[in-house]
Amino acid sequence: MLAQLSDFKPDADSDTPLYMQLANKLSDGIAAGDWRANEALPSERVLSDMLNISRVTARKAIDMLCERGMLTRKRGSGTYITPKLEQPLSRLTSFSEELRERGFTAGSRWLQRDIGIASPVELLSLGLSPNMPVARLKRLRTADDVVMAIETTTIPAQYMPNPHSVTDSLYGYLEANGTIPMRALQHIRAVNASVEQARLANIPAGAAMLHITRVSYLDNGAAVELTHSYCRSDYYEFVAESRR
């Protein structure tokens, strides 16, 4: 922790409830980087003793931040800062690149890597002819071993004849083979996790997720990638800059 815990003491003379003050101060501290991702927050007892507040006040403040997705309770262990991946929409980067820039360790847990005949949706999205072979990749994307997203990718087989040759970074593989995407179109919408998605992402069934559909293109305009990503909304944020 970078700041002094006493800096988070609520103002007893304020009209704002103490638990809301504490929640807002802790929220500001988390946003400012006073705690690192996955670092333990001081316990209710420590907050109560150090800030001269009741444990009920501390608990309500922590509950509020858990509901906002900023904190994660781990039974028998404590309350931890939820890692957040803030991804700008203005540039095309890989999941691994974004994580490394923010100090996380990126990882993948492979669920599927094979070759098959393109489905009608894949044909349309990638501009392929009927019966064209494609490589399909399905994996869990992790940050510091926490599942952040479920990702399914289709690549024309001409660009990926052996999907098992991909290790952690898909874009690293494509770049090494001279087929790095130069632009992409993304569609983002809110969905509720299915039972299977909830099991894979370790979240409740019906929990909110972000479904991102991305089609990426080479410099010559050929579509090289169709990816469906189902991202945990408590870990993911997308940032768009607007200018006038």
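**Exercise 1. Find which helices and strands supply at least two residues each to the lining of the largest cavity.**

Solution. Start with the elements themselves: helix 4 (95-101), helix 6 (170-176), strand 5 (133-143), strand 6, strand 8 (208-217), strand 9 (223-232) and strand 10 (236-239) each supply at least two lining residues. Helices (H or I, at least four residues) and strands (E, at least two) are DSSP runs, numbered from the N terminus. Keep in mind that this is a predicted model, where local features need pLDDT of at least 70, side-chain atom pairs count only at pLDDT 80 or more, and totals for chains, interfaces and linings use all residues. Residues are numbered from 1 along each chain as its sequence is written, and side-chain values use heavy atoms, with hydrogens and water left out.

Next, look for the main contributor: strand 9 gives the largest share, 3 residues. On a 1 Å grid over the protein atoms alone, a cavity is a set of points where a 1.4 Å probe fits but cannot get out, a pocket is an open set with protein on both sides within 12 Å along at least five of seven lines, and lining residues have an atom within 4 Å of a point. Grid points are joined across faces, edges and corners, and a volume is the space filled by probe spheres set on the points.

Finish with the classes: 8 nonpolar, 7 polar and 6 charged residues line the largest cavity. Here Ala, Val, Leu, Ile, Met, Phe, Trp, Tyr, Cys and Pro count as nonpolar, Asp, Glu, Lys and Arg as charged, and the others, Gly among them, as polar.

**Exercise 2. Work out why the largest pocket lies between domain 1 and domain 2.**

Solution. First take the volume, about 440 Å³. Of its 25 lining residues, Thr72, Asn202, Arg232, Asp234 and Tyr235 are the closest to the centre. Strand 1 (71-74), strand 2 (78-81) and strand 6 (146-156) are the elements that give two or more residues to this lining, and strand 1 gives the most, with 4. Now bring in the domains: the largest pocket lies between domain 1 (5-81) and domain 2 (85-239) because both give residues to its lining. The bounds come from an automatic or database domain assignment.

**Exercise 3. Describe the contact between domain 1 and domain 2.**

Solution. Begin with the spacing: the domain centres, taken over C-alpha atoms, are 35 Å apart. The contact (heavy atoms within 4.5 Å) takes 4 residues from domain 1 and 5 residues from domain 2. The buried area, meaning the accessible area (1.4 Å probe) that two parts lose on being put together, summed over both, is about 270 Å², with 48% given by carbon and sulfur atoms. On the domain 1 side, Ala37, Asn38 and Gly69 supply 80% of the area buried against domain 2, more than any other three residues.

**Exercise 4. Count the salt bridges in the whole structure, then examine the one between Asp49 and Arg45.**

Solution. A salt bridge is a side-chain nitrogen of Lys or Arg within 4 Å of a carboxyl oxygen of Asp or Glu. The whole structure has 9, while the count between domain 1 and domain 2 is 0. For Asp49 and Arg45, the closest N and O atoms are 3.6 Å apart. Both residues lie in helix 2 (residues 44-51), 4 residues apart, about one turn of the helix.
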